[in-house]
Each structure stands twice: as structure tokens, then as C-alpha cells.
Amino acid sequence: MTRPPARPRPELLRELLLALLPLLATVTLLALATQPAYDALLHRGKGLKPYAYQGLVQDLLLYRADLLDPRLTPEQRAASYDRALSSAINREQYAFLDRIEASDDFRLLNVRRGLEQRTPEGLQRAVQEAIGLNNLVRDYSAAQSAAYEQAFTEMRGALIGSAVFSGLLSLVLILRSLLLWRAEQRRAQQREDRQREALNLASHEMRRPLQSLLLAADALRAAPDEALRQRLLAQIEDSAAQLASRADLTRLNDLYLDVTLRVQPTDLTALVRRFSSSRVHVTAPAQLLWPVDANRVRQMLENLVENAVKYTQGAVELTLDAVEGAPRVQVRDHGPGMSDELRGRVFLPYERGPQSLTPGSGLGLPLVRRYARAHGGDVMLTHAPGGGLLITLTFGQAETHVRPLTPQGRLTPG
């Protein structure tokens, strides 16, 4: 089966038309600029030649002189007459004769009639008519020359104007191309930065389940009884599921950038109690159900508890309760706290807590805020009463563009 020919994209056609725009504009402007001169040549001829009018006057004056010369024979006078009459009869040799005669009362026919009378008075009228026509031709020729000069002057200005316009238009299109190129470069850089950010966040979030997986696998080798081995296997299974949840390369954007949640009613108490340890004291109601993305909530709690444990030496208090019907999680430590200036920057990527303690990437808290706001809540840092830092995580209604949870295996046990 043959594939249908690909249609050119509208953007490509638009760019081709814009590339042709200077050529089209130049051709159009040149056509408009040369039109007056073309019309002048077309309707006024290629230049008026008044030699025939001048010859008519000369033939008449010569005939009058021959009539007064006693040395000439009758035959010579007759030849001179015929020559003058022939000039008066042949209209085709006179350029623009109709226009010339229409501009005044002088007529070539009057010249002929005056000659045909064969009288001094008729000859005088013929000479006056011929001189009048010659003067009209001279004036018409001067006006025509002025019109040509004006037309070509305007054409010269129009040519210069069209060249300037085409140059400016080309410059504008070049600048537009440069701006489009720079915009595309910025978009490409933004895409690259977003991809790098997603990969950094994925690497940051996979570290904990990977460490748990390695520790459980190492402990499994030395497990003395079946019950312990089963617990370690369950921990390995849970860590593997978390790795799969956080490292789906097809969903990195949904997981870490433009967060898309998979929401279902979840017991937040069960999630919170997972973090109970010798240093982490958990306080929670018997059950608290709320529609959340369980894997993303677990990542938020991991980051909050890990930061509290990492940057302090004493106990950490993890509390789950409900305020006005909505869940609230608080993590309180008894460490040195945090300055107001640092608390204002700690939710920016790559900003971290006290630098004298364990190093970190500074990605945990920004990710917590992103997930919290996707759940309709937020995360805040305040000074705890009596010293230390209090982190409050609130929940609301998840954003409307969330995806419903689809069965994909066991991601978060229990």
C-alpha cells in the first residue's frame, strides 16, 4: 500500500511566501514606477520630429522667393509650386497633426487652399498657416520633452524608493529569521533544561528505594529464619515497585515537571506509620482516608523526614491530623533551625539547608512543594516553638487534570 504524498506544512508555505515577498514587492514597485514613462512613449511616440513642418515652411518661402526672382523660367516656378503643394497635400508625413490642429485654428488644409488660389493673397495665407503650425509643433515638442523629463524623474525616484523599500523589507525578514532562530534556540534550551531537571529529580528520588533494596538484599543473605526472610522479600518487592514508579522514562514529565497525578482514596495513616523508627516518633489517627496519589505522597514524606533526620541529631516528630476536614502532616525537629533568608530560598532547586551538615542535592523540598500544590495544598517552613524547624504539609483537592489510577501492579504495599 503506497503512502499518500506528504502535504507541505502551513508554516513552510508561510515562510516560502515571506521569502518571495521582497521579489514580489520589487517587481510590483518597478512595474508601477515605469508605467508613466511607458504610457508617455506609447501614447506620445518615441519623440516628435518637427522636420516636416519646418520643410513645409521652407518650401512655401522658397516658392514665394521664386515668384519674385525674374531670372527663373516659368517651368522652374511651376516645379517650385508643385513641390510646395506636394508638401501641403501629404498629411502622413506630419506627426501628431490631428493633435496639433486640435490645439488651435491653424490647418494644413488652409495651406493647400491658399496655394491652389495661385494669388499673392492666397500664398500669404498659406505661409501664415504653415508658420502657425510650425510654432504649434515647437510648443508641443517642448511640452512633450517636459513630460518625458517629468516621467523619467518620477521613475528614477520610484526606482530608488523601491530599492530602499525592498532593502528594508529584506532587512526586516532577516531580523525576523534571526529572532525566530533565537526563539527556537531558547525553546530548545528550555526543553534540554527541563529534561535535565527531570532526570536529576528522577535520580534523586530513586536513590532511597535503591539503597533500601541493596540493604534488604544484603540482609537477606544472612537472615536466620523464614519470617525475617519474608519481611526482607516484602521490603525488596516494595523497593522495586518504588523504583518502577519513579523511573518510568516514558512519564518523566508527568512524574517530575508538569505533574500528573493518579488519584485514589488512600489511608494516609498507613503511609505515615511506615516512617516510625527509633528517631522518628509518629502520631496519627486510627485512619484518615483522602484522595491522593499514594506514590507521590510517599515521596513527599520521605523527603521531609529525610531532611529532618539529616540536618538534626535529636528526635523527629511526625504528626498527621485533620484541619477543617483536610489532612495535615507536620514534621518537627529540634535542631538549629534555619534563617529567614534561607527559608525564603530553600524551595528553589539546588538550595539546601545548613551546609556544615550532610551534603545533598537541594532537589527534595522543591519537589515536595510541586507535589503538594498538585494535590491542592502546599508546604511551609516555620520556626518551631522552643527551637527547631516545623514543616507543615497540607492537602486539598487534587488538580482537575489528574489521571485516574489504572491497575499497573503493586506500587505501594499496604
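Biologist: How many helices and strands are there in the protein?
Modeller: The protein has 12 helices and 8 strands. Both come from DSSP runs, numbered from the N terminus: helices are H or I with at least four residues, strands are E with at least two.

Biologist: And what kind of model is this?
Modeller: This is a predicted model, where local features need pLDDT of at least 70, side-chain atom pairs count only at pLDDT 80 or more, and totals for chains, interfaces and linings use all residues. Residues are numbered from 1 along each chain as its sequence is written, and side-chain values use heavy atoms, with hydrogens and water left out.

Biologist: What share of the residues is buried?
Modeller: Buried residues are 37% of the 414 in the protein. Buried means under 20% relative accessible area, exposed means over 50%, and partly exposed is in between, using a 1.4 Å probe and protein chains only.

Biologist: What about contacts between residues at least 6 apart in sequence?
Modeller: Of those contacts, 68% join residues at least 24 apart. A contact means heavy atoms within 4.5 Å.

Biologist: Helices next. At what angle do α2 and α3 pack?
Modeller: Helix α2 (residues 51–68) and helix α3 (residues 74–89) pack at about 155°, with axes 9 Å apart. That makes α2 roughly antiparallel to α3. Axes are lines fitted to C-alpha atoms, for helices over the stretch in contact, and angles run from 0 to 180 degrees between N-to-C directions. Under 35 degrees is roughly parallel, over 145 roughly antiparallel, 65 to 115 roughly perpendicular, and the rest oblique.

Biologist: Which residues of α2 and α3 meet?
Modeller: From α2, they include Leu-56, Leu-60 and Tyr-63. From α3, they include Arg-77, Tyr-81 and Ala-84. The residues of this contact of α2 with α3 divide into 8 nonpolar, 2 polar and 4 charged. Here Ala, Val, Leu, Ile, Met, Phe, Trp, Tyr, Cys and Pro count as nonpolar, Asp, Glu, Lys and Arg as charged, and the others, Gly among them, as polar.

Biologist: How do α3 and α5 cross?
Modeller: The axes of α3 and helix α5 (residues 108–116) come within 8 Å and cross at roughly 155°. These two helices are therefore roughly antiparallel to each other.

Biologist: Which residues in α3 and α5 meet there?
Modeller: Tyr-81, Ala-84, Leu-85, Ala-88 and Ile-89 in α3 meet Leu-108, Val-111, Arg-112, Leu-115 and Glu-116 in α5. The residues of this contact of α3 with α5 divide into 8 nonpolar, no polar and 2 charged.

Biologist: Switching to sheets. What is the order of the open sheet of 5 strands?
Modeller: The order is β2-β4-β5-β7-β6, with mixed pairing. The edge strands are β2 and β6 (378–383), and each pairs on one side only. Strands pair if DSSP finds at least two bridges between them.

Biologist: How many bridges join β2 to β4?
Modeller: There are 4 bridges, and β2 runs parallel to strand β4 (residues 316–323). Thr-283 stands opposite Thr-319 in β4.

Biologist: Where do the side chains along β2 point?
Modeller: They alternate along β2 (residues 280–283). Val-280 and Val-282 point to one face and are buried.

Biologist: What lies across β6 and β7?
Modeller: Helix α12 does, running at about 125° to β6. In α12 (residues 364–374), 8 of the 11 residues are buried, so it is largely enclosed by the rest of the structure. Among them are Leu-365, Val-368 and Tyr-371. Just after α12, Gly-376 takes a positive phi of about 80°.

Biologist: Which residue other than glycine has a positive phi near 55°?
Modeller: Glu-324 does. Glu-324 is in the loop between β4 and β5 (326–333). At 84% relative accessibility, Glu-324 counts as exposed. Phe-96 has a positive phi too, about 60°, and is not a glycine. Phe-96 is found in the loop between α3 and α4 (97–102). Most residues other than glycine have a negative phi.

Biologist: Last one. Where is Pro-265?
Modeller: Pro-265 is in strand β1 (residues 262–267). At 65% relative accessibility, Pro-265 counts as exposed. Not counting residues up to four places away in sequence, Pro-265 touches Trp-290 and Pro-291.
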